[in-house]
Amino acid sequence: MSVDIVTTPMISRSACQRQGTSDKNYGLVVALRVLWVIKGLGPGGAENLLVAAARAHHADRVSIECAYVLPWKDHLVGALEAA
């Protein structure tokens, strides 16, 4: 399972110029995508930090997905999906 929060951040004028684009209002929009990879989503310290970060991130700037390896460690999937 994954958390998929799709958003789009604004980038700076200098970044627009480096990419060969121009925008007078600096309104070029690109998606910042983050993939969190973790062993499992059991009720541990790192896992709870991911939930807290998902709740606190800037939803208008970042797209977050979370992948985990151990399917039986899915305790926090619901919390991540709700964040």
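Is Arg 33 buried or exposed? In this predicted model, Arg 33 is exposed, with a relative accessible area of 61%.

**Salt bridge**
- One salt bridge is found in a search of the whole structure.
- Its partners are the side chains of Arg 33 and Glu 65, with an N to O distance of 3.4 Å.
- Arg 33 belongs to strand 1 and Glu 65 to strand 2, so the pair ties together parts that lie 32 residues apart in sequence.
- Glu 65 has a relative accessibility of 25% and therefore counts as partly exposed, whereas Arg 33 is exposed.

**Helix 2**
- Helix 2 comprises 12 residues, 45-56, and spans 17 Å from its first C-alpha to its last, close to the 16 Å expected at 1.5 Å a residue.
- Glu 47, Leu 50, Val 51 and Ala 54 are the buried residues of this helix.
- Viewed down the axis of helix 2, these buried residues fall within an arc of 95°, so they line one face of the helix.
- Gly 45, Leu 49 and Ala 56, on the other side of helix 2, are exposed.
- The buried residues of helix 2 pack against strand 1 (32-38), strand 2 and helix 3.

**Leu 70**
- Leu 70 is located in the loop between strand 2 (62-68) and helix 3 (77-82).
- Because its relative accessible area is 16%, under the 20% cut-off, Leu 70 is buried.
- The C-alpha atom of Leu 70 is separated by 8.0 Å from that of Leu 41, a residue 29 residues apart from Leu 70 along the chain.

Technical notes
Residues numbered from 1 in each chain as written. Predicted model: local features only at pLDDT ≥ 70, side-chain atom pairs only at ≥ 80, totals over all residues. Heavy atoms only, no water. Helix = DSSP H or I, 4+ residues; strand = E, 2+ residues; numbered from the N terminus. Buried < 20%, exposed > 50% of the residue type's maximum accessible area, 1.4 Å probe, protein only. Expected span 1.5 Å × (residues − 1). Arc of directions from axis to C-beta. Contact = heavy atoms within 4.5 Å. Salt bridge = Lys/Arg side-chain N within 4 Å of Asp/Glu carboxyl O.
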